[in-house]
Amino acid sequence: MHIEDEEIYCHDHGDGLVHAHVHEHGHDHDHGHAHGHTHTQTKAVLNRLSRAIGHLESVKRMVEDGRDCTEVLVQLAAVRSALNSTAKVILKDHLEHCLDDVSAGDSDQLTALNEAIDKFMT
């Protein structure tokens with residue numbers, strides 16, 4: 001995933017543990033976007049994702065330890081809520097910086113946003 005001049009790399013260790021880290025670089029990538037993105041909330045989103053990943057790892061340990069199913073479900077609901085909250089920050093950031101493109105007649109961006117929202121909501 002590309003965020004400004006940062007790449008997020010995920011490594012699956014084969015045991016169900018996925019490790020993510022950020023790699024900064026200065027070269028350009030073409031990701032098929034019709035316009036450039038300015039993300040003002042990158043650090044906030046990365047922090048939220050790191051917390052959600054940590055929480056999910058805790059839930060995994062709960063399952064491994066045989067904790068009560070109701071406790072696990074409550075914690076999974078908390079992870080889902082954290083991810084939804086993160087998505088809200090991303091969506092608001094996108095709308096603040098891409099709304100000009102849509103009002104300038106870039107209907108492809110509106111279509112892409114609607115498709116992303118549909119996928120997220122299902």
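# Surface, helices and salt bridges

Visitor: What is the relative accessible area of Ile 117?
Guide: This is a predicted model, in which local features need pLDDT of at least 70 and side-chain atom pairs count only at pLDDT 80 or more, while totals for chains, interfaces and linings use all residues. Residues are numbered from 1 along each chain as its sequence is written, and side-chain values use heavy atoms, leaving out hydrogens and water. Buried means under 20% relative accessible area, exposed over 50%, and partly exposed in between (1.4 Å probe, protein chains only). Ile 117 counts as partly exposed because its relative accessible area is 30%.

Visitor: Which helix gives the most residues to the nonpolar patch?
Guide: Patches are made of residues with over 30% relative accessible area and no salt bridge, like charges being joined within 9 Å and nonpolar side chains (Val, Leu, Ile, Met, Phe, Trp, Tyr) within 5 Å. Here Leu 91, Leu 95, Ile 117, Phe 120 and Met 121 make a nonpolar surface patch of about 440 Å², with accessible areas taken from the Shrake-Rupley method with a 1.4 Å probe and, for residues, only the protein chains shown counting as cover. Helices (H or I, at least four residues) and strands (E, at least two) are DSSP runs numbered from the N terminus, and at least two patch residues come from each of helix H2 (69-103) and helix H3 (107-121). The helix that gives the most, with three residues, is H3.

Visitor: What is the pattern of the protein along the sequence?
Guide: The protein has three helices and three strands. Read along the sequence, these follow the pattern β-β-β-α-α-α.

Visitor: How far does helix H1 reach from its first C-alpha to its last?
Guide: The expected span of a helix is 1.5 Å times one less than its number of residues. Helix H1 (residues 42-64) has 23 residues, and its buried residues are Thr 42, Val 45, Leu 46, Ala 52, Val 59 and Met 62. Close to the 33 Å expected, H1 reaches 33 Å.

Visitor: How far apart are the closest N and O atoms of Arg 67 and Glu 71?
Guide: Arg 67 is partly exposed at 44%, as is Glu 71 at 33%. The two form a salt bridge, and their closest N and O atoms lie apart by 2.6 Å.

Methods:
A salt bridge is a side-chain nitrogen of Lys or Arg within 4 Å of a carboxyl oxygen of Asp or Glu.
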